[in-house]
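Subject: Structure for your study

Dear colleague,

Please find below the structure that I am handing over to you. My notes on what was found in it follow directly after it.

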Amino acid sequence: MAITNTLNTPRNQYTASANQTAFVIGFEFYQIADVKVYKNGTLLTYDATPTTSSTYSITGITNTSDEAYEFGAGGTVTLGAGATANDSIVIIRDLVIQRTQDFVSSGAFDITSLNTQLDTMTSMIAERE
């Protein structure tokens with residue numbers, strides 16, 4: 001999937017309304033661990049079934065035009081308990097800088113893996129801007 005500028009700004013910031021629990025992830029990410037969520041400057045904890053104001057879950061939206069494992073259309077962060085009015089919620093993509101694929105010099109070529117690796121590297125560069 002080509003990464004457009006609109007999906008490659010790896011930070012969303014919100015001012016919560018009272019009891020708000022859902023916040024849009026407006027950027028591409030590759031796995032749940034790539035996303036970090038802060039409330040009023042404090043890093044929250046990922047939990048698939050969050051129950052407190054210090055925990056959150058993530059629902060990613062895949063892009064149907066891309067076979068690679070990635071959430072190319074962003075997603076949603078859901079807090080385990082509603083935020084207080086005017087809480088600052090910041091969602092960032094925080095990729096570990098690493099190369100995860102090695103391609104064979106002959107034989108079958110996995111284009112999906114190549115596209116995922118290139119997308120990930122492009123995202124790493126964007127984070128550094």
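I would like to begin with G26, whose place is in the loop between β2 and β3. With a relative accessibility of 23%, G26 counts as partly exposed, because buried would require a value under 20%. Please keep in mind throughout that this is a predicted model. Although G26 and G75 are 49 residues apart along the chain, their C-alpha atoms are separated by 6.9 Å.

The two strands that come next in these notes are β2 and β7. Strand β2 covers residues 22-25, and strand β7 covers residues 75-79. They run antiparallel and are joined by four bridges. Within this pairing, V24 stands opposite T76 of β7.

As for the overall architecture, the protein has one helix and eight strands. Read from the N terminus, the order of elements is β-β-β-β-β-β-β-β-α. Of the 129 residues in the protein, 38% are buried. The protein exposes about 7300 Å², and carbon and sulfur atoms supply 52% of that area. Among contacts with a separation of 6 or more, 66% are between residues 24 or more positions apart.

In general, strands of a sheet pair through backbone hydrogen bonds, and the pairing is either parallel or antiparallel. In this protein, four strands form an open sheet in the order β1-β8-β3-β4, with antiparallel pairing. Its edge strands are β1 (11-15) and β4 (42-43), each of which pairs on one side only. Strand β3, residues 35-39, is joined to β4 by two bridges, and the two run antiparallel. K39 has T42 in β4 as its bridge partner.

Strand β8 spans residues 88-93 and contains R93. Is R93 buried or exposed? Its relative accessibility is 3%, so R93 counts as buried. A polar atom of the R93 side chain lies 2.7 Å from the backbone oxygen of E28.

Finally, I turn to the aromatic rings. A pair of such rings is described by the distance of the centres and the angle of the planes. How many aromatic pairs does a search of the whole structure find? The search finds two. One of them is formed by Y14 and F23: it is tilted, with 5.6 Å centre to centre and 50 degrees between the planes. Y14 is partly exposed at 24% relative accessibility, whereas F23 is buried, with a relative accessible area of 1%.

The rings of Y46 and Y56 also form a pair: their centres are 5.9 Å apart and their planes stand at 75 degrees, so this pair is edge-to-face. It links distant parts of the chain, since Y46 lies in strand β5 (residues 45-46) and Y56 in strand β6 (residues 55-60), ten residues apart. Y46 is partly exposed, with a relative accessible area of 37%, while Y56 is buried, with a relative accessible area of 3%.

With kind regards,
A colleague

Terms used
Residues numbered from 1 in each chain as written. Predicted model: local features only at pLDDT ≥ 70, side-chain atom pairs only at ≥ 80, totals over all residues. Heavy atoms only, no water. Pairing = 2+ DSSP bridges. Buried < 20%, exposed > 50% of the residue type's maximum accessible area, 1.4 Å probe, protein only. Contact = heavy atoms within 4.5 Å. Areas by Shrake-Rupley, 256 points an atom, 1.4 Å probe, with all protein chains shown as cover. Polar contact = N/O pair within 3.5 Å; in protein donor to acceptor, adjacent residues only side chain to side chain. Phe/Tyr/Trp six-rings, centres within 6.5 Å; stacked < 30°, edge-to-face > 60°.
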